[in-house]
Amino acid sequence: MTKVVAGITTSIDGYITGPHDGPGKGLGEGGERLHYWVFGGPWTYGEEGKPEATGEDGAWLAEMTARTGAVVGGRGTYEAARHWGDENPFGVPFFIVTHRPEEEPEGGQFAFVSGVETAIERARAAAGDKDVHVMGGADVIRQALDAGLVDELTIIVAPVILGDGKRLFDGFAKSIDLEQLGVRQSKFATFIDYRVAR
């Protein structure tokens, strides 16, 4: 059965980006440290030939990727990542939540969708028997949680304090109970998996 799984990396003080995030600096100033786990260690924007995740980080990423049949992301993340060079980085249907769906790019790499509920509905249909991965940004994850659409939530905590940036749960007023499913730890991150209580 298809599950909707949301996952995002945050600092210990709750930020998913450093300050001044945007195109070319998607994780903000100093925010690269959040994703050391993705690249197997330190990296910087514009660096060619980024290394890949290893050890527990690589194992979590490989398992998540193998289970994923479709991805939902936000327009802000799409823009900040510079459209991933107009190449879908996941290789599965990718739905971008936007207020301007008419601006969908040509080429079929990304489907622009108005509203998180519609995006997840279309992603479920496209995923077959695999999971839908809601990758964020934070606003998309908050909307999906608020609408009761998320079955599991993974919070990846990077061992860094950013002090400023965008927070994961800013403005989120809903109370949600979570059941812990498991924890993994590496040098660069702690992965905490939760089931969202209904």
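Buried means under 20% relative accessible area, exposed over 50%, and partly exposed in between, with a 1.4 Å probe and protein chains only. By that rule, 8 of the 8 residues of strand β1 are buried, so β1 is largely enclosed by the rest of the structure. Helices (H or I, at least four residues) and strands (E, at least two) are DSSP runs, numbered from the N terminus.

**Model and confidence**

This is a predicted model: local features need pLDDT of at least 70, side-chain atom pairs count only at pLDDT 80 or more, and totals for chains, interfaces and linings use all residues. Residues are numbered from 1 along each chain as its sequence is written, and side-chain values use heavy atoms, with hydrogens and water left out.

pLDDT is the predictor's confidence in each residue, from 0 to 100. The mean pLDDT of the protein is 93. Of its residues, 98% reach 70 or more. Among the elements, helix α3 (residues 75–80) has the lowest mean pLDDT, at 90. Strand β6 (residues 152–158) has the highest, at 98.

**The sheet**

An open sheet is built from 8 strands, with mixed pairing. Their order is β4-β3-β2-β5-β1-β6-β8-β7. At the edges stand β4 (111–113) and β7 (178–185), each pairing on one side only. From one strand to the next, the twist averages 25°. Two strands count as paired if DSSP finds at least two bridges between them.

Strand β1 covers residues 4–11. With β6, β1 pairs in the parallel sense over 7 bridges. Glycine 7 stands opposite threonine 154 in β6, and threonine 10 has valine 157 of β6 as its bridge partner. With β5, β1 is again parallel, over 3 bridges. There, valine 5 stands opposite histidine 133 in β5.

Val4, Ala6, Ile8 and Thr10 point one way. Val5, Gly7, Thr9 and Ser11 point the other way, and all are buried.

Strand β3 also sends residues both ways. Phe94 and Ile96 point one way from β3, Phe95 and Val97 the other, and all are buried. β2 and β3 pair in the parallel sense over 4 bridges. Valine 72 has phenylalanine 95 in β3 as its bridge partner.

**Salt bridges**

A salt bridge is a side-chain nitrogen of Lys or Arg within 4 Å of a carboxyl oxygen of Asp or Glu. The structure holds 11 of these salt bridges.

| glutamate 56 | arginine 184 | 3.6 Å |

Glutamate 56 and arginine 184 meet in a salt bridge. This pair links distant parts of the chain: glutamate 56 is in helix α2 (residues 55–67) and arginine 184 in strand β7, 128 residues apart. Glutamate 56 is partly exposed, with a relative accessible area of 36%.

Arginine 67 is partly exposed, at 37% relative accessibility, whereas aspartate 131 is buried, at 7%.

Aspartate 139 and arginine 142 both lie in helix α5 (residues 138–146). They are 3 residues apart, about one turn of the helix. Aspartate 139 is partly exposed, at 43% relative accessibility; arginine 142 is buried, at 15%.

A network of salt bridges links Arg75, Glu79, Arg100 and Glu103.

**Aromatic pairs**

Rings of Phe, Tyr and Trp (its six-membered ring) pair if their centres lie within 6.5 Å; planes under 30 degrees apart count as stacked, over 60 as edge-to-face and the rest as tilted. The structure holds 13 aromatic pairs. One of them joins tryptophan 84 and phenylalanine 110, and is stacked: 6.0 Å centre to centre, with 25° between the planes. This pair links distant parts of the chain. Tryptophan 84 is in the loop between α3 and β3, phenylalanine 110 in the loop between β3 and β4, 26 residues apart. Tryptophan 84 is partly exposed, at 23% relative accessibility, whereas phenylalanine 110 is buried, at 3%.

Both residues belong to a cluster linked by ring pairs: Tyr78, Trp84, Phe90, Phe94, Phe110 and Phe112.

How values were computed: Axes fitted to C-alpha atoms, helices over the stretch in contact; angles between N-to-C directions.
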